[in-house]
Amino acid sequence: MSTTATLDRERVRQLFDLRSSYNVHMGGGYREDPYPVWHRLREQAPVHPGIVHELTGFDGPAMFSGLPYPDRPHFSAFSYAACDAAYRDPEVFASAAGPVDPNNGPYGATNSMLSMGGRQHRRYRGLVQPSFVPGKAKWWISNWIEETVDLLIDGFVDAGRAELNVDFCAAIPVLTITSSFGVPVDQALDIRAALTRPDEIVRMLEPIVAARRADPQDDLISILVQAEMTDENGVTHRLTDAEIYSFSVLLLTAGSGTTWKQMGITLTALLQHPEALAAVRADRSLLRLAIEESLRWSPTDPMFSRWVTEDVDFFGVHMPAGSVLHLCIGAANRDPARWDRPDEYDITRALRPSFAFGGGAHVCLGMHVARAEMRVGIGALLDRLPDLRLDPDREAPRFIGMYERGATEIPVVFG
Ligand code: HEM
């Protein structure tokens, strides 16, 4: 794989810079720190009528799960306990407004396991779960992650400086997930560019699906092509093309759009907290804690939504059936009822699970892959770039974005 030779740097920048027009519709235009407002909202009440970005005072474009649906009542939860209660009750707080049929309708998240419930969700998730368990991390690392990370570092190691957010963090997850689908490197960015046009992704996947049907390989698309599922009537069958494509679009979207921003957040946190960076350098096992703390402190996607299936009184608020409840997991992750000094990035705090990867039955399928990408990526930077530090002559990284948060740029020098 010749990663650096074929990745068009300017195109990566356009597709992955949160400030670019490509990302503005998810709230990329939001430049403030939302956490003081979220603290205030949580202190007033755990659940509010309204939508997270409006309650935060942002009126720019901000699309995400559960939006826009202007005809439905909207509510938002800001405490850990309220988010936890919603995750624990998927009957009342469902992942979609109605039944999901991947054989009918558009390819993508709204027609995939992300939106399913109950047994249907378990059946579909069960098909791919074995490729995403912690024990499979080595498979991902040695097949795809390590090589990508090394080739990317080769591209800037001699320069003494680099911009790590786009030139490093952004490239790793998109290349990992597309490679695991057998998509050639020169098409990886086409996939990212087409994420809002799933039919185009399907056109790119069609020849790969056909090839893997004829000759399965050791990759994810071969697993989908060969997977057998027993439906509600007890009949066992291979996945249909439509089922495969909905699965694929979900995995490609979820796998390429998140980890790069979280890796950038973790790197920024370490570079801006020299004592934490020194501790991780001295004891590499602390990198795991540094990653978990970044997930708690600044989850890249701070809001996911649920559909209210029946009239319910929830933390003092009445929600009619048909409402949308937005779970502000960013606010929940800094709930002082669960964490002391919640605004501090502190890698020595006792590890308690946060909601960065969601909760309940839909907890992130790819979380161990994401963790492996961050661990291998940041670990390799520390191994290969001596005295890695922020470039004092460039603007320091800042976190921006409403529903997709991440760093502006991470300019570094080393050596
Ligand atoms: C740091 C990186 C990541 C974060 C913060 C993240 C976050 C999340 C969250 C919060 C959910 C739950 C959504 C909900 O409850 O509605 C989720 C679900 C999911 N994620 Fe991730 N994710 C990350 C990386 C990945 C990667 C690398 C993959 C694939 C390789 C992936 C695949 C999925 C899938 C398939 C689901 C749906 C699971 C289900 O519905 O059962 N994610 N993710």
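1. A donor is an N, O or S atom within 2.8 Å of the metal (3.2 Å for Na, K and Ca), and since water is not among the atoms, sites may look incomplete. The iron atom of the ligand has a single donor from the protein: SG of Cys-364, 2.3 Å away. Cys-364 sits in the loop between helix H16 (329-332) and helix H17 (367-384). Helices (H or I, at least four residues) are DSSP runs, numbered from the N terminus.

2. On the basis of these values: this is a predicted model, in which local features need pLDDT of at least 70 and side-chain atom pairs count only at pLDDT 80 or more, while totals for chains, interfaces and linings use all residues. Residues are numbered from 1 along each chain as its sequence is written, and side-chain values use heavy atoms, with hydrogens and water left out.

3. Helix H13 (residues 259-272) and H17 have axes that come within 10 Å and cross at roughly 40°. Axes are lines fitted to C-alpha atoms, for helices over the stretch in contact, and angles run from 0 to 180 degrees between N-to-C directions. H13 is therefore oblique to H17; angles under 35 degrees count as roughly parallel, over 145 as roughly antiparallel, 65 to 115 as roughly perpendicular and the rest as oblique.

4. Which residues of H13 meet H17? They are Thr-259, Gln-262, Met-263, Thr-266, Leu-267 and Leu-270, and their partners in H17 are Ala-370, Glu-373, Met-374, Ile-378 and Leu-381; contact means heavy atoms within 4.5 Å. By class, this contact of H13 with H17 has seven nonpolar, three polar and one charged. Ala, Val, Leu, Ile, Met, Phe, Trp, Tyr, Cys and Pro count as nonpolar, Asp, Glu, Lys and Arg as charged, and the others, Gly among them, as polar.

5. H13 also packs with helix H15 (residues 287-297), at an angle of about 110° and with the axes 9 Å apart. The angle makes H13 roughly perpendicular to H15. Among the residues in this contact are Ile-265 and Ala-269 of H13, and Leu-287 and Trp-297 of H15. The contact of H13 with H15 divides into eight nonpolar, three polar and no charged residues.

6. The whole structure holds 20 aromatic pairs. Rings of Phe, Tyr and Trp (its six-membered ring) pair if their centres lie within 6.5 Å; planes under 30 degrees apart count as stacked, over 60 as edge-to-face and the rest as tilted. Tyr-80 and Phe-355 form a stacked pair, 4.4 Å centre to centre with 15° between the planes. Tyr-80 lies in helix H5 (residues 80-87) and Phe-355 in the loop between H16 and H17, so the pair ties together parts 275 residues apart in sequence.

Terms used:
Helices (H or I, at least four residues) and strands (E, at least two) are DSSP runs, numbered from the N terminus.
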